[in-house]
Each structure stands twice: as structure tokens, then as C-alpha cells.
Amino acid sequence: MDLSCMTTERRNAATMELDQMSALEIAAVMNQEDRRVPLAIEEALPQIARTIEAVENAFRQGGRLFYIGAGTSGRLGVLDASECPPTFGVDPGMVVGLIAGGDKALRFPIEGAEDDRELCVNDLKERGFSARDVLVGIAASGRTPYVLGGLDYARSQGAVTAAIACNKGSAVGKAADIAIEVDVGPEVLTGSTRLKSGTAQKLIVNMISTGAMVRIGKAYHNLMVDVVQSNAKLQVRAENIVMEATGVERDKARETIDAAGGSVKTAITMILADCEKNEALALLEKAHGRVRDAVQAGD
């Protein structure tokens, strides 16, 4: 296997003497190299936007977003998927993160898992993957067999596919409908793709999930109106969101959230449309969950 042609495997000219650097010098060169990441991503924004639109459409049709990957790439997909329920109030099955080797691979390397194309196919079949879903394959190298197997299977089912890679002209990019390829340059520590490549992948999955969720009404202005109040901090955040959106005092915000059954979105609609819970729910349903449209309809 020849990896020499891959950017992610090349040596970085700025860090040839890495083992001789002071702690400050290491931090400084890493910080300098990290600045390349958002600039590299900028070139791929049209492809990222296409992926957001595809995921939005899938969500509206009752479909799901799947991330697949191995190692760091897989962990980043699982991380993004796990953060969607508390942030956006969605069912845990709406965004699914699959890592080669299963959940144990989140902490421990599973030998050979990433080289098994059929393993991903089986993982997708077990979760009932269908044409309504969107599959995003994440592979810094752009050649991970686990990801390639999943992409091929997803396309065979008629699903939209996207691939995130840190090498241009990647195998996963060619196997997907949408190729999100970002060249962040060689890593500070040669081949350690948990660094700049991992940062790029994290930024991109942030854009995909957040963008799609916002598009289906999970935000009012820039407020996350479907936040789940699972602890004391989030209860206060919920109150703050209602206060910011409506201008009411904290006591009124809490009173309305409780009257809305704990729903921040419903509480905001109740206040701004000056209505009771049931009417607010009807307005939101008609507006497909978008607070702005619901409030305008209630004026």
C-alpha cells in the first residue's frame, strides 16, 4: 500500500525539528498550522451546503443522518450524533454515528475493523438504513475500506451520500455523491490525523448537523429553542432563551415554560403570539416547527 502520495502522510517542513522544540515553540507551531484549517474548509463550502440541504430534506421526509468512520474519524461522527438530542431535542435515532468495531472502538482500537468493507454494510443493515437516509462517510485518508463499503451500500439503496476527506481526489470522494475534500496540509506530527485533519472534520460535521437542524426549525434567530432541560444549567439556559426571545422577566419565562410542558419553543410561541399552549402547538405544527413562521401566523 503506497501512502506517500497522500498529503495526510507527508512530513511537514515547518516541524522537522519538532523533537527539539520547547513547549512554547510546539504550541506556537501547532497554532500556526491550525490556522490553515478554516481556510481549507472555505473552498469546500458549496459541497458542505449541498450536504446540509440533503440532510434537511431527509429529515423532512422522516429520514436520518448517518455518520460512518474508523478511528478518530468515527469518533467524531459518534460525538456529533450524541450531541444532537440534548442540543436540538431530537430522538437519539435521528442522527446515528457508526464507528468501525462498535462502541468499544471509541476507547480501544479494534484490530482490522477499518479494513472490513462488509462490517459497515452489516452495521447499516442492522439499523434499517434506507433510501430516505443520508450517509456521510468520514475518512481523513480518504481510502478507509469500512467507509467505502458503507458508501457503496448506501448508494445501492438509492440514498444520498457525502464523503469528508483530507486528501484531494480521494477514493471516498469518488464513491460519494458529494465529495467534501479539504487539504489542510501535512500534520505537525507526521500522519497524526487526529490533529488538523480531525479539526477539519469536526468543523464540517458541526456545519452539517447544525445547518440541517436550523433549517428544520430547531432555532429561532440564533437561539436553540428545542434544548432539553436535563440539568440545572440547562433549565437556566431555557429560561434565558425565552427571556432573550420575548423580553419577559425570569419568573414569567419559567411560568410559561412549565405551562408549555417544558417546551421552550412552545413557551416562546405562547408569549409572542399571545396564546395558550394548545393554540401555540397548532401554530407550530402548521409552521413545520419554525417559531418565526408560527408567530407570524398567530399575529
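1. Let's start with the largest pocket, which has a volume of about 320 Å³. A pocket here is an open set of points on a 1 Å grid over the protein atoms alone, where a 1.4 Å probe fits, with protein on both sides within 12 Å along at least five of seven lines. The volume is the space filled by probe spheres set on the points, which are joined across faces, edges and corners.

2. Before going on, a word on the source: this is a predicted model, where local features need pLDDT of at least 70 and side-chain atom pairs count only at pLDDT 80 or more, while totals for chains, interfaces and linings use all residues. Residues are numbered from 1 along each chain as its sequence is written, and side-chain values use heavy atoms, leaving out hydrogens and water.

3. What lines the largest pocket? There are 18 lining residues, and Glu114, Ala140, Ser141, Thr144 and Thr193 lie nearest the centre; a lining residue has an atom within 4 Å of a point. Helices are DSSP runs of H or I with at least four residues, strands are runs of E with at least two, and both are numbered from the N terminus.

4. By type, the lining of the largest pocket has six nonpolar, eight polar and four charged residues. Ala, Val, Leu, Ile, Met, Phe, Trp, Tyr, Cys and Pro count as nonpolar, Asp, Glu, Lys and Arg as charged, and the others, Gly among them, as polar.

5. Now the salt bridges: the structure holds 14, each one a side-chain nitrogen of Lys or Arg within 4 Å of a carboxyl oxygen of Asp or Glu. One of them joins Arg254 and Glu239 at 2.8 Å, N to O. Arg254 sits in helix α10 (residues 250-259) and Glu239 in helix α9 (residues 232-246), so the bridge ties together parts 15 residues apart in sequence. Both Arg254 and Glu239 are buried, that is, under 20% relative accessible area, with exposed being over 50% and partly exposed in between (1.4 Å probe, protein chains only). The pair also belongs to a salt-bridge network of Glu239, Arg250, Arg254 and Asp258.

6. Another bridge pairs Asp177 with Arg155 at 3.3 Å, N to O. Asp177 is in the loop between α7 (171-175) and β5 (178-181), and Arg155 is in helix α6 (residues 145-156), 22 residues apart. Asp177 is partly exposed at 33% relative accessibility, and Arg155 is partly exposed at 40%.

7. Have a look at helix α13 (residues 291-298) too. Which of its residues are buried? Val291, Ala294 and Val295 are. Down the axis of α13 they fall within an arc of 95°, so they line one face of the helix; the arc uses the directions from the helix axis to the C-beta atoms. These buried residues pack against α11 (264-272) and α12 (277-286), while Gln296 and Ala297 are exposed on the other side.

8. Finally, Thr51 in helix α3 (residues 45-60) is buried, with a relative accessible area of 1%. Leaving out residues up to four places away in sequence, Thr51 touches Val136, Ala162, Ile178, Ile180 and Ile208, contact being heavy atoms within 4.5 Å.
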